Amino acid sequence: MIVSRSKYKRVLQYILLLMLAAMLLFPIVLITANSFMDENEVISTYGMSGSDGTALDKDYAKIVFIPGKASLMQYYYALLREPTFLVMFWNSVILTAPIMLGQILVSSFGGYAFAKYRFPLRDQIFFLFIIVMLMPYQVTLVPNYILFNKMNMIGSYLAIILPGVFTTFGVFLLRQFIQGIPDEYSQAARVDGAGHLSIFFRVIMPQCKSGIASLAILSFVDNWNMVEQPLIFLRDSYKYPMSIFLSFINTSNPGIAFACGILYMLPAVLIFLYGEEYLIKGIQLSGIK
Amino acid sequence: MLWIYGGLESRYMKGNKYLALALSCILLFFTGCTGKNDNNKQIEGNNAIKLYLMEYTKPFMTKATKQFNDQYPDHTLDIEYFDNKDECRKRLNTELLSGKGPDFVLFDTYTFNSIYKALKSGVFCDLNPFIEADESFDMGNYNKTVMDCGIFDGKRYMIPLEYYIDTFITTEELLEENGININVQEWDIEHLTNTLKDFMDNGQARFFFDRQYPFSDYAVGSGIEFIDHENSKCYFNTPQFREVLNTYKDVFLKASVANDLRMKYGIKYWEMLKDNTAITAGAVNSLQSIWVANSFLFDIFKCKGRAYPLPTYDKTAGYSALPFDMVAINSNSNHKEIAYDMIKFMLSKELQLESSFYPVNEEAYDEQLKEYMGAAGNQIVNIKGTPLTTTVISEELAGDLTNIKNKLSRCIVRDEYIFDLLNDAAFKYVDGEYSEDQVINELESKVMLYLNE
Amino acid sequence: MKIRHREMVAGMIFAAPCIAGFAVFFAVPFIISVFYCFTEGISAISFVGFDNFKGLLESVSFRLAAMNTLKFNLISVPFILLLSLAIALLLNSRLKYISIFKSLFILPLVIPVASIVLVWQILFGDYGAINGILNAFNIETVDWLNSSWSFFILVSLYVWKNCGYNIILFIAGLNSIPLDYYEAANIDGAGRLKRFLKITVPYLIPTGFFVFIISIINSFKVFREAYLLAGSYPHQDIYMLQHFMNNNFDNLNYQRLSTAAFLIVSLIVILVFFLFSFEERYGMNFRN
Amino acid sequence: MQQPIISEKRKKIVGRVALVVLFALIMLTFLSKTIHNTLMPKVTTVQHVKGSLQEEFEADGSMEHSQKHELLAGGSWRVQEVKAVVNQQVKKGDLLAVIDSHDIEMDLMAGDYELMKLENAIQSYKDKNRPVRLSDYESELEFAQSEMERAKKELELTKELYEVGSESLKSVEAAEYAYNSKKLAYQSKRSALDEIKADQLIAQDEYDRVLKEKTAELELKKAELAYKKERISEDGSIRAAIDGIITVVGIEPGTSTTHNQILFEIAEIPSSYAAIWFLDADNYYKYSIGDQVLIETVAEVDENSQKALRSIPLTGKIGSRMFDAERGSYKFRADIGDKEASENILINEGQRAKVRSVASSPLYEYLLPKSCITQVQGEDCIFVVQKRQGALGEEYYVEQREVKILGQDDFNVAVDCYFKKNDIVVSSTSKPLSDMMQVYVDKAGKADAG
């Protein structure tokens, strides 16, 4: 009786979960499936006309999960015929990678300092960091713009990368993490007469690998689909990263939009698969005591 | 991050909280209440006057440069020429807006994404002081209505060099034989509708206008006010606007040669008159084009051409002009006086004679007109490979032009963004994609947002 | 003493890079921008006191944007809170394959919006799939993205994107509740609901706070979605503060921008202060 | 749970996949670039040059002799027979036509008679107003003077006598009276004489003028008569005045001429020729005064002492262009430049001729090969290669520019268009171009026009 009830309940739970999962995954699945349509089918199904947003023949888009005949045309075009796409892809990489690395470097130092050292105004500064962390991009972009305009650096990637590197989120995250590392290790090291640096590199770093990993993932996810900064700081469209290129593509070249979408999310997905638990850890870190 | 807060020693936090609050209050107090002391500091620059110009202005800029050099021996003109209009636009836009850019700005109404926003952020300096200071400058020499389109919030930020009025030209005989009579006194949208109804009804492949004017032109021509930049308001939800919109869809476009058909003729619009596809030649916005069109009319029909403006909303309304090339002075320039002299030179007769639309300088206008009424007849000119024996502009035609010019009641500076919005919406409406209300709402909301940003 | 001093110096050195960067790229320019709030003119600057604030607050667009943003927060945040809590509870049960479900729910977090937005456009476009269905049943179609529906479409996108984040946090929160409490309650013969209310909810309050704030923060970042969905001049109802600012970047009206930025900053600061003190007062009480 | 193990395995796999993807993307990037380049339209370019076209226009015209002598009719003559025909060669004195001798006699007599009349008229005029004689007036004046002097003497004498008292005062008064009267008479005579003198001067030159005129008339008539006589012998035969070739015959037997009607037109040989042709408004501008023209016509040439018709090329220079109202077109005339060419040839009047202008046109700013011009919706356009900073770095694209064609020859076109100093123009392309289209510029095929 009870068993059956619990089983019943379990089935119900599964159904619920499945439904929710379906809803959440619907877009991803749709894109993935449609990325194997060939161009004409895409256009005919979704009635998107190349020239402008308005459909040529005014029949409504249909939701199609299984393409009429599977083809790799989209990928072929995206990867071989439209070099602009790949260029945009590398633009994204050029923007994201330095920010990631720089942020890790800077924040691991900073995090360590804020976690394990005392110095005047430490907490006030840290408090400011948090405040800045909470701000919408547009707010922090205003000062940045003013600065870079003065330095005549508008239009160059640096204008995006530098502020990205010094985003306070990383410091915050790693501080949280390093705080969790018991002091005994560093104490022991100090007794052995290790200097600050060697403690940092020998003791702290090895232990906050996973912390750094989660920071890497979070900052990657955040920067990989940046939209605001390029819109504001980059003048020439050929410097734009994928995210913005994609927002144009479904008007400019709808045929390959899906494939581009897939290729664009691919790195993110891979990283997610690779370091899911780091991601989770990172997110939890930002919330734990 | 509440937890960090929890984790921090509360005394720091307390201090922190009050510190932050106190700081911000003090900051506000200080900055806010320092009062309004104007300290116009300017960037120290060398003696070079900077200009950005399109490559094709070179010929007459050489003149300007010559004159400039003997007027200001100790200054130099540093002109940067652009061969790509977009690049020029981009540079002007960004540099001016971020407080750099040329001293003397020559631009057309397509240069700025939104000229009015540029004005609002104060890129140009007020020219009135200069004009008042200088007796040699007489506003009377220029077309007042047009000149005043450069005034915004009571400051004369820019001065138009040339303007155009959407006009079309045809002959009375041609109108008669198509059973149309246009009474210029009554010439408004209603009149248009009535005259064209039966013309279109006896459905031949014949059109009144030889081109589909974009909606924005038609709306501007109709003379109704739908945007008020100074108070950033817009009036689309008005019966007038609705009527204009509808007549545009139902009458105007139907009576105009569709674009794809027009494409077939390419630039040779006179062919349309020849084979009786259209009975007017439109967009003759400069004395030269009018002269040519008139000559063609005479060549084909042996009749005098007459010019008419686009119909206004009601017959009392005046006609509307649109400026094209304009000049202004960068508010950060530290050679304002010199730049002002450049402007005066640009307005002088000899340069105004070069202008490709109607020159604002009345003298220049009259001289051009005189030339086309007198010497310009019976030459054989070669237009797109077709030789044409020219005819002088007749008294009547000249009369029409003067009437139109005298009945100018306003001059609209086109704001790229808004005009695009207008045309897109109208296009969707014509396409049947939007309902009338959808158009109105979209315009109302978007333009409203735009104006108030 | 000496050691403490050296400690301090070392700490400062470690912290130097990030603090310097922070100062250069955020703090100092921000102070400059605060200074801009009270000026007008591009480089020929003159003080105008609070005119900019006045102008900004008078501006219809700004007010609209602010209202929309507020509305968005009021509607989307509670919704996402409840939804993610529900899912978290579901996922917290010890079922088979639960870990797979977990990762499925988190996945959207990393998927770039840009590549997903297309789907929303297909669904809600004027000639989108949904209109297709409506049309099939000859119900009058709606131009979703150009109607007040667009707001809810944006909400859905926001929820889709940020649900995972909250789920993770909630699960963490749930896991941090010691099981013996439940067992004790069981022994007392408390019903499921009672247990939920008496144990789960109080213990989740702190997490709830955090998720609440995070959601607000993320809802400030929803511009990204809105922009990709409907461009820089979307329908009135999804015209956010961020649109307002982004568009003002086009014509680089520093004063406007910095004034708006300043207002937002002070707003958020006040909000945070408020929440902190709120949590300080009540958050603890639940613990004991 | 065995979560960690799974994740470890997964990590491995994912890591490998990631590496592969990265590598693939890098490869593809380069690959796609090359593919892209190969797919772009490959264009060869030229630079516009300043120069003039070898414009070749052909017009049909006719030849004519340039120096001609006319034989005019002296009056209304009845033509009896015409001996000469057009294009007939004649020697000086050859008989051209015979006209009624009676007419001629009448003519000549009429001429003589007129002469006579004139001479008489002159004579009579001479007689009528011969010059007035002054001498008598003068003698009269002298006489009056002497009278007066005598009277004076007498007066003085009587005065002296009265002094000595041997005369009465009365006689003195008388003498005084006499003297005065004489004096008056003298003065009047004098003034009269002056007047006459004046009149006489006027009369004189009037007379001379009339006389000259009349004599001139006389001379003219004489000359005419002589001219006639010299050409027309009494027997009414009209003869060639010079060696030459007849170009016009203005009479036919049986008709009668009017005064000064052209009887014959003789072009002297060795002759010089001119070509004449007409062009309407559309292409009159192709020729301009001073242009060299190549004229091709048929002429009679001596070839080893026998005449043969050959088509020969001649060169000429356009001398005049006038608008011919009733034809509604422009008349061009070019004189054959090279004398020695026309020395020993013979071209018939009105011989058809092809007139080709070999003139290189006025200097044009911009010359391009014909292949540069493409038609876009009835518009002549060229494509100018521009550089831009594209996604793949520096990239070339074409900018469409509308041009006005000023003129063209077999190879080049002269265009009116806005050019920058070193704009390069597409001369040939592997695919149809459109504005702003990206292209691959084939540097090898770069050559200059003209």
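In this predicted model, 75% of the contacts in chain D between residues at least 6 apart in sequence join residues at least 24 apart. The secondary structure of chain D comprises 5 helices and 25 strands, and 21% of its 450 residues count as buried. D:Lys189 sits in helix α4 of chain D, which spans residues 169–231. Beyond the residues up to four places away in sequence, D:Lys189 touches D:Glu140, D:Leu141 and D:Ala144. With D:Leu141, the separation is 48 residues in sequence but 5.9 Å in space, taken from C-alpha to C-alpha. D:Lys189 counts as partly exposed, because 17 C-beta neighbours lie inside 10 Å, a number between the limit of 12 or fewer for exposed residues and that of 20 or more for buried ones.

Chain A presents another make-up, with 15 helices and 0 strands. Of its 289 residues, 52% are buried. Among the contacts in chain A with a separation of 6 or more, 79% are accounted for by residues 24 or more positions apart. Helix α11 (residues 209–224) of chain A packs against helix α15 (residues 276–285) of chain A at an angle of about 90°, and their axes are 8 Å apart. The two helices, α11(A) and α15(A), are therefore roughly perpendicular, the term that applies to angles from 65 to 115 degrees. On the α11(A) side, the contact is made by A:Ser210, A:Gly211, A:Ala213, A:Ser214, A:Leu215, A:Ile217 and A:Leu218. Facing them from α15(A) are A:Tyr278, A:Leu279, A:Lys281, A:Gly282 and A:Leu285. Sorted by class, the residues of this contact are 7 nonpolar, 4 polar and 1 charged.

Chain C contains 12 helices and 2 strands. Starting at the N terminus, its elements follow the order α-β-β-α-α-α-α-α-α-α-α-α-α-α. Buried residues make up 50% of the 288 residues of chain C, and residues 24 or more positions apart provide 69% of its contacts with a separation of 6 or more.

Chains C and A meet through 75 residues of chain C and 78 residues of chain A. On the side of chain C that touches chain A, the most residues come from helix α1 (residues 2–36) of chain C, which gives 18. The make-up of this side of chain C is 56 nonpolar, 16 polar and 3 charged residues.

Away from these helices, a loop of chain C holds a backbone feature of interest. C:Asn138 is found between α6 (129–136) and α7 (149–175) of chain C. Although C:Asn138 is not a glycine, its phi is positive, at about 30°. C:Asn138 counts as exposed, because 7 C-beta neighbours lie inside 10 Å. Chain B has a positive phi of its own to show: B:Asp153, also not a glycine, has a value of about 50°. The loop that holds B:Asp153 runs between β4 (151–152) and β5 (155–156) of chain B. With 11 C-beta neighbours inside 10 Å, B:Asp153 is likewise classed as exposed.

Also in chain B, B:Arg410 belongs to strand β17 (residues 408–411). Not counting residues up to four places away in sequence, B:Arg410 touches B:Thr145, B:Gly318 and B:Ser320. The C-alpha atoms of B:Arg410 and B:Asp148 are separated by 8.6 Å, although these residues are 262 apart along the chain. B:Arg410 is partly exposed, with 17 other C-beta atoms within 10 Å.

What, finally, of the nonpolar cores? The largest has 298 residues, and the residues with the most contacts inside it are A:Cys260, B:Val327 and C:Ile167. Within chain B, both domain 1 (48–164 + 323–363) and domain 2 (167–319 + 376–451) give residues to this core, so the core lies between these domains. B:Val327 itself, leaving aside neighbours within four places in sequence, is in contact with B:Val105, B:Leu106, B:Met158, B:Ile159, B:Leu161, B:Ile343 and B:Met346. Another core, of 22 residues, lies apart from the largest one, and includes D:Tyr366, D:Leu367, D:Val426 and D:Leu433.

Terms used: Residues numbered from 1 in each chain as written. Chains lettered and ligands numbered in written order. Predicted model: local features only at pLDDT ≥ 70, side-chain atom pairs only at ≥ 80, totals over all residues. Contact = placed C-beta atoms within 7 Å. Helix = DSSP H or I, 4+ residues; strand = E, 2+ residues; numbered from the N terminus. Nonpolar A, V, L, I, M, F, W, Y, C, P; charged D, E, K, R; others polar. Core = buried A, V, L, I, M, F, W, Y, C linked by C-beta atoms within 7 Å. Domains from an automatic or database assignment. Axes fitted to C-alpha atoms, helices over the stretch in contact; angles between N-to-C directions. Parallel < 35°, antiparallel > 145°, perpendicular 65-115°, else oblique.
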